[in-house]
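Please report on the pockets of this structure.

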Amino acid sequence: MAQRNVKRARAGTLGDGDGEHAGAAAGVRASRHVQLPQYETIALMLQGGGALGAYQAGVYQGLHEAGIEPNWVAGISIGALNTAIIAGNAPEHRVTRLLEFWETICQPAFAPPLPPFLEQTLFNSNDTIRKAFTAMQATGAIVQGQKGFFVPRFPPPMPTVSGPPQNASYYDTSPMKSTLEKLCDFDRINSGETRVSVGAVNVGTGNFAYFDNTHMKLRPEHFIASGSLPPGFGAMEIDGEYYWDGGLMSNTPLYEVVQTTPRRDTLAFQVDLWSAIGPVPDNITDVQGRMKDIQYSSRTRLVTDMLQRSQRFRHVLREVLDRVAPEHRDDPWCKLADDLSCSKRYNVIHLIYRQKEYEGHFKDFQFGLSTMREHWESGLQDIHNSLAQPDWLAMPDNDAGFVTHDIHRDKR
């Protein structure tokens, strides 16, 4: 794939006094475009994780700086909302729009935000003050919601009073529809320029559903449905059916991308917000956080190991068939083997957010601006470090035709 001379997008800050924690989202860094092999699909797969999703924006910025633009973006929950921003804008505007999105939803819904210098002072204090400050911001999200994202229902729902299914929740997500309509071009999303897939769960059937722009016209409702996590957010009605957050069943679109047919040589960036590996908690508060890690990590490595094994069988079968004499290729068993075999190759690069010391069980709904910038910076650093590894972007040449990389795993 030829190098691309993609203009480096500069993401701005909120104003004076934001300081160094604006990090990569505020500064201009020299981009290093990379030369890729002839992958047919370059996929960006974004897991759900609420406020942690700014990490994915940092990863995308690093890919953009390197001249890597995915032709398939798939997401679940907050990953679906990031997907809408990415696919709904021209490449040169995506980083700026992502920052605008995150700077919007990381402000309180009603109260004015803290002055930037005061927020930075509190965030950069000692661990005790930082933990208390971020806990206060998480409490603020519960009490009043987040700007352009969700607000509390008033009056709040009564536990046994029936009403429309979309109102059976503590918060109203209608502000997100206006946010997406403002920041996304849905004609671009539906143009087919980039394949777009977002996952949700059908509340009535319990089945997992992918909304894909190759099969339907996507609207803001499809992306909001993917992030409608009950009981906080109500079910989203689409064409007479109701949908909840896809993370209830599977919090990563990895399986959907790798198993799709016809199969194609694929470079996939899997961006996870929950780590399956973590410390054993020794208090009730940490137990709640660790439960979320395990529940929403979706066992990404287990899935990749399973996919690698199945692809190895297909790859080996293809190699064996290539050694069968032509006069035997019409045998019914050979024809069946030909249908099952595959010579395509898959390279999966994992980027998994690592929890910071100050974060508690509320990290997925702690929408502070300073924390957002730190998450963004973490994603940018991880993708920079991943792209700097020799041969990580090379087409797999092993007997499975399938490789995985993870900068944190491979450093151990």
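By class, 10 nonpolar, 8 polar and 8 charged residues make up the lining of the second largest pocket. Ala, Val, Leu, Ile, Met, Phe, Trp, Tyr, Cys and Pro count as nonpolar, Asp, Glu, Lys and Arg as charged, and the others, Gly among them, as polar. This is a predicted model, where local features need pLDDT of at least 70, side-chain atom pairs count only at pLDDT 80 or more, and totals for chains, interfaces and linings use all residues. Residues are numbered from 1 along each chain as its sequence is written, and side-chain values use heavy atoms, with hydrogens and water left out.

A pocket is an open set of points on a 1 Å grid over the protein atoms alone, where a 1.4 Å probe fits, with protein on both sides within 12 Å along at least five of seven lines; lining residues have an atom within 4 Å of a point. A volume is the space filled by probe spheres set on the points.

| Pocket | Volume | Lining |
|---|---|---|
| Largest | About 690 Å³ | 31 residues |

H10 gives the most, with 5 residues. Helices are DSSP runs (H or I, at least four residues), numbered from the N terminus.

In the largest pocket, Leu-229, Gly-232, Phe-233, Asp-364 and Phe-365 lie nearest the centre. Helices H2 (78-87), H5 (127-144) and H10 (284-296) each give two or more residues to its lining. H10 gives the most here, with 5 residues. The lining of the largest pocket has 18 nonpolar, 10 polar and 3 charged residues.
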